Amino acid sequence: MMADPMRIRATSKDGVVNVKVLMSHEMETGQRKDAAGKLVPAHFIQSVSATWQGRVVLSAQWGPAVSKNPYLEFNFKGGQKGDKIQLTWTDNKGDKRTDEATIN
Amino acid sequence: MLSIKLKVALALSGFALVYTAHAQQKPAAAPKAAAARIKQAAGTPKSAITAEFEKFREVMEEASPAELFEAKGEDLWKAKRGPKNASLEQCDLGLGPGVLKGAYVRMPRYFADADQVMDVERRIVHCMVTLQGYKAEDLAKQPFSNQSRTPDPVSLVTYVAGQSRGMKIAVPQKHSKEREAYAVGREIFNFRAGPWDFSCASCHGESGKRIRTQDLPNLTTKAEAIRAFQGWPGYRMTGGLMHTLQWRMNDCFRQQRFPEPGYASETIADLLTYMGVNANGRVYKGPGIKR
């Protein structure tokens, strides 16, 4: 199954870009049991990175403690209105998703 | 079914809340603090926990996970699906086929083609049946979100609701059937029955009531009726599930130990008409977030 797109909002103010990202992901810890008492296999985002003009502006390593449908917000310096920013996540099953947004 | 990570998250937020409450009590003098606590227990001012949660909600509303479901709903709305391989773009939500802006805050309303008063979910199900060829029985089988699945109508309702963000609630009462729905809805709201001799009004007919830390809105008053509408459809952090008012009504009946009402039934449309009309004139903020 293909992962659902991220929702990204990036706004520039006084030379600082504020980025808000919503990701659609189950983020299963691997410790929960289903109705039949069987362990639900772990399935969570392991790494997140944000790039702007080919430069990595954020790189994060995540684990099962991050909530379902995670929300990420961060700032970085230098981006201009109209620039593009790319977000990528990779999960423990090797699934990957990249989305792009324009800074405004 | 609470997942472990959620339990942890709840435990952590509980800790923060308890800590705040404790810090607030510390400097107050004994009689004053006692008086404040009694007042707080009566629910008149907002309890510290509610205030904390509302702060959290404000932050979360800027980027509510409900948006993910809005996006999914939009795709579903526009996609050709079902046995008839049709999209929902010809679905008339009361303002003409395909007109979504402001439709949500003007429902439930009377629809001549179905000769029924319909709330948004009932109408969407109607469209999925008439336009796309789905079977109503199939859609009613498992209509509510659970850990493994978010039913399509839930995402669709969320998308449609998002198109009324910032608009005033204006549930119509022009047609005689709409007025009848309001009257019947009011009856249902006040109808006491079941093993606990409960009605909706038992919890929501008086101001200042609460269950545990949850303040309960008095849905019979103009000032508080909006709280039945606001935040729905809502992303519930308990379980991380998207729910609509259809689910909320169903769950209230369950809590009252009533028989389960039919999915997308007249009962629910009537109740929502009653509550919607009471909230008329207030601004709807769009899909929200619930604890």
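Mentor: A residue is buried if 20 or more other C-beta atoms lie within 10 Å of its own, exposed if 12 or fewer, and partly exposed in between, with C-beta atoms placed from the backbone. Helices (H or I, at least four residues) and strands (E, at least two) are DSSP runs, numbered from the N terminus. As general background, nonpolar side chains tend to be buried together in soluble globular proteins.

Before going further, a word on the source: this is a predicted model, in which local features need pLDDT of at least 70 and side-chain atom pairs count only at pLDDT 80 or more, while totals for chains, interfaces and linings use all residues. Residues are numbered from 1 along each chain as its sequence is written, and chains are lettered from A and ligands numbered from 1 in the order in which they are written.

Now let us follow Val160(B). Leaving out residues up to four places away in sequence, Val160(B) touches Leu93(B), Leu100(B), Ala103(B), Tyr104(B) and Val120(B); contact means that the C-beta atoms of two residues, placed from the backbone, lie within 7 Å. Val120(B) leads us to a helix pair: Val120(B), Glu121(B), Ile124(B) and Val125(B) in H5(B) meet Pro153(B), Leu156(B), Val157(B) and Val160(B) in H7(B). By class, this contact has seven nonpolar, no polar and one charged residues. Ala, Val, Leu, Ile, Met, Phe, Trp, Tyr, Cys and Pro count as nonpolar, Asp, Glu, Lys and Arg as charged, and the others, Gly among them, as polar.

As for geometry, H5 (residues 120-130) and H7 (residues 152-162) of chain B pack at an angle of about 120°, with their axes 10 Å apart. The axes are lines fitted to C-alpha atoms, for helices over the stretch in contact, and angles run from 0 to 180 degrees between N-to-C directions. H5(B) and H7(B) are therefore oblique to each other, since angles under 35 degrees count as roughly parallel, over 145 as roughly antiparallel, 65 to 115 as roughly perpendicular and the rest as oblique. Their crossing is right-handed: the near helix is turned clockwise from the far one by less than a right angle.

Stepping back to the whole of chain B, its secondary structure comes to 12 helices and nine strands. Buried residues make up 34% of its 291 residues. Among contacts in chain B with a separation of 6 or more, 69% are between residues 24 or more positions apart.

Chain A deserves a glance too. Here 15 residues of chain A are in contact with 12 residues of chain B, and the chain A side divides into five nonpolar, five polar and five charged.

Finally, two backbone details in chain B. A cis peptide bond joins Met107(B) and Pro108(B), with omega about 5°, and Pro108(B) is in the loop between helix H4 (66-78) and strand S1 (109-111). Another cis bond joins Trp232(B) and Pro233(B), with omega about -10°; Pro233(B) is in strand S6 (residues 231-236).
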